[in-house]
Amino acid sequence: MEVTDIGNKEEGNVWHRKPTAGKSVLVTVARTTQRGKTVRFLHVTFDPKGDSFLAGDHHGNIYVFDISRNRFRLVQKTGQACTALAFSLHRTTELLVALADYTIKCFDKDTKQLVSWMRGHEGAVSSISVHSSGRYAITTSSDTAQLWDLDTFQRKRKLNIRQSFCIQKVFFLPDSNTIVSCFSDDSIFAWESDTLLCKYQLPVPDCGPQISYKAFAVTRDGKRLVAGGRSNLLHLWCLDSKQLVRVIQMHTQVRTVRQLEFLPDSLDRGASQTIGVLSQDGVMRFINIHTCKLLFHIGSHDNAITIVAVSPNGRHVAAIMDNGSINIYNVQSLTQKLNKPPPSRVAVVSDGDAHQELSKVRSEVVQRPFMSSGRTQVKILRPPAVPTTDDKENELPAGLNKRRLVALLKAFGEYPAKYRMFVWRSLLCLPENHAAYSSLTDKGLHSAYLTLHDKYPIKSHKLQRGLQRVLSALGHWAAIFGEVEYLPLVAFPFVKLFQNNPMLCFEVVATVIVNWCQHWFEYLPNPPLNILNMAENVLAHHDKELLQHLVDCGITSQLYVWPLLETLFSEVLTREEWLRLFDNVFSNHPSFLIMACVAYITRCREPLLLCSQKQDFSYFFHHRNNLDVGAMIREAYRLLSSTPADIHPRTLLSDFAPLTKGQYPVFNHYPEFIVEYQSQEREKIRLQEMEYLCERQEVSALRTDFVRRQVEEEAYYTNQELLQKAEEQRRNNLAQEEEKLTQQKAKLAAMKRELKVKELQLLDTSRRRFLKHQQDLRASQIQRLDQEIRRKDSNTSVHVLPQMDLREQESAAAVKDLEIRQMELEAQRKRLEQHLLKKQGHMGREVENEVQIRMRKADREVESLAELLHCPETNMQILEECLTEARQLGLESDWQRDIVDRLQQVNAEKERKRERLAERQRQTLAEEERVADTMRDVAGRKTEFVHLQWEEVTRARAQLQEQRKAWTSADADHQRHTRTRSPGFIRGLPLRTSNTAAVHVEINGAGQALKLNTTTTARQAGTDMVCLNSNSPSESTSTNFYLDRGRAQLDSSERELLKEIRDLRQKLVATVRDGSSAASQSVHTLSSVSQ
């Protein structure tokens, strides 16, 4: 037994090896966690088709197990244990799950989404019953039952009961609107689901102990109800008569019935006869409710069953075992011994173990089972020593008995679907001649059926090939079958039924032709008039009125009997109806087929009596009609038994004769001369057709060759024309393109010319504008220079320069712009000199004041000395004082020398400042020289002369400014020293010439030197003072003369410089006129550099 542990998988295979045939347990499904703990399954339920089932475990996982596809899949994880499961019949992908929190949830198994959530119960839901339409569902708990609308998932009704009672179960009856409810007092009521009105109450036995019903089961047709509870008794009710029809007592080992399930069968039409009883010992016993015999059981004391679900198709049983796993049982393997055909001589019927005997009680009286001594009771039926003729006739292959099969057929109306082919093979006694069939198929396709698909097109290529193969085998078996036009109609239903086994299909069709198509080919190619007359005679005997109506309408048997025979009812019956009919046809005399035709006509007499047109009759017998096949078959049996012998087809038709084994029999029941004549004619026609086809093929080949050549020629000329047109088109396109290109080039050239002209105009305008700007700039510069020259001329008042023209003003303005920087530096220097002069003047005034004070004091002393000289008495004292004074003057002379040193230091500081100013001026000149170098690089050789002249002007101007600065400094010093002199101070100096010290101050300015002699005549009393004086008045006059002469030289040099500037301006203008373009660029570069 294979065990599948699904673990934590979400999908996979149910079993890994295909179960072997005859194995009752297909697979055991278990679920264990990673820690090795087993998770118990709690509930299982099958879907309406019976191919898959739901299973819910203790952790709330819901799985779908598809047995037909060998797959399982995790549908939902609810997180809590489920108490009931059910499929929704209306939407097959939805499922209902009742959970431990008293709620019901609806999930979609494909999308795994929650569809709805239904609440309202106050206790655990024990069962869910879904209406056959799938629209409603009933959920049952111990205190209430609720009716839900599955379209809106809203509660419609609620069933409340008293507290002293409990609800056992509430459920829908199959294919009905009836609701059955059972309560704890064993009362069972039936309610109308629409109105909830009580329809009836089922009777319960008054005598005996109370059963306390817990388990219920209903057959699929809804006609029988079985209930069980806390006893070994089962109560069986007939819901049609509302009566208790049977009480079944189980073995004493069965003390409580936990669950009841009917086992469906395809033969019972919903009236199940086998019921499974799950008792408290974990064993489920399947018994027959009519014979009360134990058929088989599943489970055991060691491997007990807790919950069982039976598939609706009766093929599988899913059982949850006591250990929490699921066992999937194969019902066919469990019932294999029961389905075997009984032996022909000995029948063994076993009622199982002595401890599992069952008994039947009628009329509500319980019959005690017979207790045996522990042995299995076997009843052996011995046949008579000499078999009778009927027994020999009824014996079939594989141990079947025709009489018993016919009895079974009359009881159920048809054979079991899964055993039908086996029964047919036994009834028809098929020989299965593989070698003979192979010899027929080796001949290939028959010539008559090469074009079968043209006349009988079939969508399925497999069916088409199967039909063609069977018909070809029939044609090779007998020549007549290559001439029968309706043979495909006869063989098609069998080909469709036996499409996987062509040999059986061929033998079935051959058997049908040999037995049920007797005398059909005597009037070939016309319909079998003798057979049609037989059917018409039977119809005339049993329904003269209908026959007279058909005669009056001009309808013959070829129209109302032959369509049924040539198609074997395949056009007027469905598959299930046709199979059911031929179950009876193969089980009876060949004349039953004719009786079936007559029965079909008589059962449809009402619509036939209403028809009057021939096309109406033709349509009626070639299309399906509303007909009860069971009634038709019963009518055929009545006609078969009540038809007089003189008109009975049995007298004209032979009994059933199977095909011979080894080789198939020779079939010659047809007019051979007609077939031979037709064969010869067909052969002639075939030869003529072949000749015609050959000639036609030759003509077709010639025509094809001619057409091909014509097409090639036309194609050649067409291609040539197309090539010529394409060449012309190409040339035209090239010409157009060249013309367009020429026009575009012309336009482009014109645009270039226009752009060039505009560019030249713009350049000319820009050049003129720039030249005008330069002219204006130079004019302004020259004007500023002229103004500066006039200003200087007006200041000197020596000469008046003549009026300069516009070009001189421009040159003066250019020179003035270059002097701006020097003027700024000159102004800074002048401010420094002025500051120094102010400080020196302040010190000079202080010294002068001190000198005046000392001179006044000296005067007073001289006066006192004179007075003392007049006084002889004081001469010596005066001399002593003079001596002391002389010593004091010697000390003062030392102090004066210190003062002179300090003045020299001040002059040295001034000289250093002048040197710094000169350094700054030299830096400025260096920058101007760099600008001049840039101008020279830009202007090139054409402006070399201009730059050389410009450098001369720059040097001359620098020399001029140096001279002017020197003269200005000398003049300022001279004026300052002149102002410091006073008449009293000059007059007092000669008196002390012997005690004075000479101080020489040398001032450099324009080649002139001034010598000043200073003599100290006073003392310093707490402050620093100095006295300055010249040697003689002649020196002062000489100094003034030198200053005036230097100014005259400066004016003359300035005039010469202005003359040189005018000459340079004229040369510059001439050079600019010679090279306007180069000059404009050089001037533009000069202006950009200057900016």
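1. Phe706, Val707 and Val711 make a nonpolar surface patch of about 270 Å². Patch members have over 30% relative accessible area and no salt bridge, with nonpolar side chains joined within 5 Å. A salt bridge here is a Lys or Arg side-chain nitrogen within 4 Å of an Asp or Glu carboxyl oxygen. Valine 707 sits in helix 20 (residues 672-796). It counts as partly exposed because its relative accessibility is 37%; buried is under 20%, exposed over 50%, partly exposed in between, with a 1.4 Å probe and protein chains only.

2. This is a predicted model: local features need pLDDT of at least 70, side-chain atom pairs 80 or more, while totals for chains, interfaces and linings use all residues. Numbering starts from 1 along each chain, and side-chain values use heavy atoms, without hydrogens or water.

3. Helix 16 covers residues 592-603. Helices are DSSP runs of H or I, at least four residues; strands are E runs of at least two. Of its 12 residues, 11 are buried, including Phe592, Cys597 and Tyr600.

4. The whole structure holds 36 aromatic pairs. Ring centres must lie within 6.5 Å; planes under 30 degrees apart are stacked, over 60 edge-to-face, the rest tilted. Phenylalanine 286 and phenylalanine 296 are stacked, at 4.6 Å and 25°. They lie in strand 26 and strand 27, so the pair ties together parts 10 residues apart in sequence.

5. Lysine 105 lies over the face of tryptophan 117, 4.2 Å from the ring centre. The cut-offs are NZ of Lys or CZ of Arg within 6 Å of the centre and within 35 degrees of the normal.

Notes:
Patches are made of residues with over 30% relative accessible area and no salt bridge: like charges are joined within 9 Å, nonpolar side chains (Val, Leu, Ile, Met, Phe, Trp, Tyr) within 5 Å. Accessible areas come from the Shrake-Rupley method with a 1.4 Å probe; for residues, only the protein chains shown count as cover. The expected span of a helix is 1.5 Å times one less than its number of residues. Rings of Phe, Tyr and Trp (its six-membered ring) pair if their centres lie within 6.5 Å; planes under 30 degrees apart count as stacked, over 60 as edge-to-face and the rest as tilted.
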